[in-house]
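Dear colleague,

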Amino acid sequence: MNLYQMEGKEIMFKNVKWSAIVTAALYIASGALLFVYPQLSENLICDVIGIAVIVWGLIHITSYFMMDLQESLFRNDFTEGVIMVLIGILVIYQKLLFQQLVPFLLSIVIIASGIMKLQDGIDAHRIGFPNGWIYLVLASISVVFGLVIMFELIPAGQLIFKVLGAGLFYSGVTDLFSALYLSAQIKKYREKNDEVEPLNPEPVMSEPAEEAQPEIIPPVQPAMNFDPDTGEPIKKEEEQF
């Protein structure tokens, strides 16, 4: 993996982290408001839900444009963000339609938070984090909160909004813990396993080859000798004398 890809993934990782933190803060604020003031009118609750969904959508849209180009090609954050903004506007301007669905919608939000923590637990197990079971416990509590509200296992009225507030507040706090703690574990995992290749690697100098030694050719002996005085060839019979 080269340096360019590493920087792109680091930017995407930070965007996702901050998106989770802002979403958790919205859960905490909404949950505290519902728990402390369960007598709030359903119109105001619809306004709060609509604004929260719009902000959530804007976060997704902003994250999409802040991602590395190569990473954004394989994600749907822009589309998801636009859909969330439209849903938030619909909730605000069609309050009568959504007033009876408020507990059901918020229960889905709480259950979705639990499922996200379950995925965090799976990710923690995949990177070798030994305490991944903690996320399983946190996710189970969120899912139980959501199911109790969804199937109306408690009487309607102010009590159900208190339970909704408690569920949202719990989901926000645990999501915040998950975003901060798991991100630290992922960062350690990446620092341990990712190796950045140098952009301009130094060329490897090969050892010089040994110079070839010239082949020594013995002098060629003449086929016959010549008389130094006359320059005529001497026959072998004459050489013997």
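The model is predicted: local features need pLDDT of at least 70, side-chain atom pairs count only at pLDDT 80 or more, and totals for chains, interfaces and linings use all residues. Residues are numbered from 1 along each chain as its sequence is written, and side-chain values use heavy atoms, with hydrogens and water left out.

Overall fold

The protein has nine helices and zero strands; helices (H or I, at least four residues) and strands (E, at least two) are DSSP runs, numbered from the N terminus. Of its 241 residues, 31% count as buried, where buried means under 20% relative accessible area, exposed over 50%, and partly exposed in between (1.4 Å probe, protein chains only).

Helix pairs

Two packed helices are described by the angle between their axes and the distance between the axes. Axes here are lines fitted to C-alpha atoms, for helices over the stretch in contact, with angles running from 0 to 180 degrees between N-to-C directions.

The axes of H2 and H4 come within 7 Å and cross at roughly 165°. H2 is therefore roughly antiparallel to H4 (angles under 35 degrees count as roughly parallel, over 145 as roughly antiparallel, 65 to 115 as roughly perpendicular and the rest as oblique). The crossing of H2 and H4 is left-handed, that is, the near helix is turned anticlockwise from the far one by less than a right angle; clockwise would be right-handed. Their contact comprises 18 nonpolar, five polar and three charged residues; Ala, Val, Leu, Ile, Met, Phe, Trp, Tyr, Cys and Pro count as nonpolar, Asp, Glu, Lys and Arg as charged, and the others, Gly among them, as polar.

Ile 83 lies in helix H4 and is partly exposed, with a relative accessible area of 45%. Ile 83 is 26 residues from Gly 57 in sequence, while the two are 7.3 Å apart in space, C-alpha to C-alpha.

For H6 and helix H7 (residues 133-150), the axes come within 8 Å and again cross at roughly 165°, which makes H6 roughly antiparallel to H7. This crossing is left-handed, and the contact of H6 with H7 has 16 nonpolar, six polar and two charged residues.

Nonpolar core

The largest nonpolar core holds 19 residues, of which Leu 34, Ile 49, Val 102, Leu 106, Phe 161 and Leu 164 touch the most other members. Such a core is a set of buried Ala, Val, Leu, Ile, Met, Phe, Trp, Tyr and Cys residues joined through side-chain atoms within 4.5 Å. Two or more residues each come from helix H1 (3-36), H2, helix H4 (77-93), H6 and H8, and H8 gives the largest share, five residues.

Salt bridges

The whole structure contains two salt bridges (a side-chain nitrogen of Lys or Arg within 4 Å of a carboxyl oxygen of Asp or Glu). One joins Lys 95 and Asp 47 (3.0 Å, N to O). Lys 95 lies in helix H5 (residues 95-98) and Asp 47 in helix H2 (residues 42-66), so this pair ties together parts that are 48 residues apart in sequence. Lys 95 is partly exposed, with a relative accessible area of 24%.

The other joins Asp 175 and Lys 117 (2.8 Å, N to O). Asp 175 belongs to helix H8 (residues 158-193) and Lys 117 to helix H6 (residues 102-126), so the pair ties together parts that are 58 residues apart in sequence. Both Asp 175 and Lys 117 are buried.

Yours sincerely
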